[in-house]
Amino acid sequence: MRIVRSLRFRIAIWCAVLVFVLGGLTVAAINVVLSRSLDRRATAEDIQIRRVASETGAAMIWIDGDDLVAVEHLSNTRALERLGTMSLILLGVLFPASLVTGWFVAGRVLRPVDHIANVAMGIQASDLSRRIRLEGPDDELKHLADAFDGMLDRIEEGVEDQRRFIQDVSHELRNPLATMAASLDLVLAGDTDPAALRSTAESVRRSVDRASLTVDGMARFARRELPNDTEVVVDLGALIEHGAAEVGAAAGRRRLTLVKVGDGRTTVRGDRQALTSAMANLLGNAIRMAPEGSAVRYGCGVLGEWAWAGVADAGPGIHESDHRLVFQRAWSRDRSRLHHERRTGLGLSIVRQVAEAAGGTVTLTSRPAGGSSFVIWLPKRSGLDPSTLTWDGIHPIEDPLVGSATTARQVI
């Protein structure tokens, strides 16, 4: 039967057995103690003290000592027999009574567990907002419910994160795929002019590169919780020079000047592929947002116990209200007044993830129409606190691409 297999029934049975055993031991102990204390022979002194006279009418009946002892033994025997009978009756009633009591007590104790189970069964993948929020004393069941609520919070956050991630990737891949499709349609339409074919090929190549960066970002996010066993000594100077060379052609088409700053002789331990992806994102954003004919500053160096690598442009900048949102994958903002462009994607969120995975952080110095400076900070040794680099977790105390601490603070 289902009731017999239930936890409530098992708890009730255990309660009944324990109460029955304890009751039986108590009754047995009482019987043993009383039988030993009552079944002793009276001494001569006791007989003299207990000699009893009974008055019937005018006649007096005297009971001698031997008769008194016999009467006492008979009374003790009958009392012990009655105690034994009452003990058996008590034990017979005690077991079912303890079983019923254990059933109700178990139901009372397990009621929060039933509530937890009902909430768990009522949660659907499309709605993870339900919580147990168990009220009552701060006991083990309350801890269980709180732990379950915490787990639901993490699951809901993960599901929402995944949903936003899929939306972002879909948006990021839609544009390059559409560009490639349009370019190939022109070729298939019969336009065989070599210059047009080369332009089409270059456009397709740029779209492929953009899609590849998006796919790399997907892989980066997919393994963000996995142990990082790819750390090596990375030359930040060589890495950022390689990144600048890759965007050189795009910068030339927009007549941008790439200006190197910093000493360029900086090494850190980290994931080379991840750092390469992060710098590619920063350089790509700067080339895209910088006005034609302007300069893009890039470089790396050491400041105290921190290595830095960053990029600064003279683009439209970012409003201060968006500074804390810019590193979120879901960040989007209509910038039609400034640059006729809407930016939504994975790039800056990948940069932040790479920096934090290496024990560092990313800082931003920007203001509308004043350009933007993004700097990745990486520790030269373990145990450093990245919060010491910023005023508020995002704005740097000193930006090596902008200037002194006072200058950096004034820019934001």
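Visitor: Where is His-319 found?
Guide: In this model, which is predicted, His-319 lies in the loop that connects strand 7 with strand 8 (332-334).

Visitor: And is His-319 buried, exposed or partly exposed?
Guide: The relative accessible area of His-319 is 45%, so the residue counts as partly exposed, given that the partly exposed class runs between the 20% limit for buried and the 50% limit for exposed.

Visitor: How far apart are His-319 and Gly-370 in space?
Guide: Their C-alpha atoms are 9.8 Å apart, although 51 residues separate His-319 and Gly-370 in sequence.

Visitor: How do strand 4 and strand 6 run, parallel or antiparallel?
Guide: Strand 4 and strand 6 (residues 295-303) run parallel and are joined by 5 bridges. Within this pairing, Thr-257 stands opposite Ala-295 of strand 6.

Visitor: What about helix 9 and helix 10, at what angle do they pack?
Guide: Helix 9 (residues 272-289) and helix 10 (residues 347-357) pack at about 140 degrees, and their axes are 9 Å apart. Since only angles over 145 degrees count as roughly antiparallel, helix 9 and helix 10 are therefore described as oblique to each other. Their crossing is left-handed.

Visitor: Which residues make that contact?
Guide: Helix 9 contributes Ala-274, Leu-275, Ser-277, Ala-278, Asn-281, Leu-282 and Asn-285, and helix 10 contributes Gly-347, Leu-348, Ile-350, Val-351 and Val-354. By class, the residues of this contact divide into 8 nonpolar and 4 polar, with no charged ones.

Visitor: Last thing, the whole chain. How many helices and strands does it have?
Guide: The protein chain has 11 helices and 11 strands, and of its 412 residues 35% count as buried. Among contacts in the chain with a separation of 6 or more, 69% are between residues 24 or more positions apart.

Methods
Residues numbered from 1 in each chain as written. Predicted model: local features only at pLDDT ≥ 70, side-chain atom pairs only at ≥ 80, totals over all residues. Heavy atoms only, no water. Axes fitted to C-alpha atoms, helices over the stretch in contact; angles between N-to-C directions. Helix = DSSP H or I, 4+ residues; strand = E, 2+ residues; numbered from the N terminus. Parallel < 35°, antiparallel > 145°, perpendicular 65-115°, else oblique. Left-handed = near helix turned anticlockwise from the far one by under 90°. Contact = heavy atoms within 4.5 Å. Nonpolar A, V, L, I, M, F, W, Y, C, P; charged D, E, K, R; others polar. Pairing = 2+ DSSP bridges. Buried < 20%, exposed > 50% of the residue type's maximum accessible area, 1.4 Å probe, protein only.
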